[in-house]
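Please keep the sequence and the model in view while reading.

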Amino acid sequence: MSTVAAIGARAGVCGLALAGVDVLVAEDPDAVRRAWEALAATVGLVILTAEAARALGDAATAPDPARPLTVVMPG
């Protein structure tokens, strides 16, 4: 079974934990990239804050069957 993860600043992602999302707090671009690289193989959907998406670049949100589905929260 796939899980859902969220990456971004604490204020943007903490509330998602109430819905069972695995929250990866990342306050700066380097932390975002480390969190992205550390995603578990079971993650099927990643929710990114707008800032986290900018830190990862377009490649993170482009469709790719080798990666989990990725969506960006409105900024």
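Predicted model: local features only at pLDDT ≥ 70, side-chain atom pairs only at ≥ 80, totals over all residues.

## Contacts around T70

Two residues are said to be in contact when heavy atoms of theirs lie within 4.5 Å. Once its neighbours within four places in sequence are left aside, T70 is in contact with W36, V46, L48, A60 and T61.

T70 belongs to strand 4, which covers residues 69-72. Is T70 buried or exposed? Its relative accessible area is 11%, and because a residue counts as buried when this value is under 20%, T70 is buried. The side chain of T70 also takes part in polar contacts: it reaches the backbone oxygen of A60 at 3.5 Å, while the backbone oxygen of P68 lies 3.1 Å from a polar atom of the T70 side chain.

## The chain as a whole

The protein chain is built with 4 helices and 4 strands, and, followed from the N terminus, these elements come in the order β-α-β-α-β-α-α-β. The radius of gyration of the chain is 11 Å, close to the 11 Å that the globule rule gives for 75 residues, so the chain is as compact as a globular protein of that length. Taken along the principal axes, the C-alpha atoms fill a box of roughly 30 × 25 × 20 Å.

Of the contacts in the chain with a separation of 6 or more, 49% are accounted for by residues 24 or more positions apart. Buried residues make up 32% of the 75 residues. The chain exposes about 4600 Å², and carbon and sulfur atoms supply 59% of that area.

## Residues in and around strand 2

C14 is placed in the loop that runs between helix 1 (10-13) and strand 2 (22-25). With a relative accessibility of 34%, C14 counts as partly exposed. Although C14 and L24 are 10 residues apart in sequence, the distance between their C-alpha atoms is 8.8 Å. D22 is found in strand 2 itself, and D22 too is partly exposed, at a relative accessible area of 40%.

Which residues does D22 contact, leaving aside its neighbours within four places in sequence? They are T3, V4, A5 and A6. D22 can also be compared in position with L39, which is 17 residues away in sequence and 9.8 Å away in space, from C-alpha to C-alpha.

## A buried residue in a loop

A26 sits in the loop between strand 2 and helix 2 (29-37). The relative accessible area of A26 is 3%, and A26 is buried. Not counting residues up to four places away in sequence, A26 touches I7, G8, A9, A31 and V32.

A26 and T49 are separated by 23 residues in sequence, and their C-alpha atoms are 10.0 Å apart in space. Taken with T70, which lies in strand 4 and is buried, A26 shows that in this model a buried residue can be found in a loop.

Technical notes. Residues numbered from 1 in each chain as written. Heavy atoms only, no water. Helix = DSSP H or I, 4+ residues; strand = E, 2+ residues; numbered from the N terminus. Rg over C-alpha atoms; globule rule 2.2 N^0.38 Å. Buried < 20%, exposed > 50% of the residue type's maximum accessible area, 1.4 Å probe, protein only. Areas by Shrake-Rupley, 256 points an atom, 1.4 Å probe, with all protein chains shown as cover. Polar contact = N/O pair within 3.5 Å; in protein donor to acceptor, adjacent residues only side chain to side chain.
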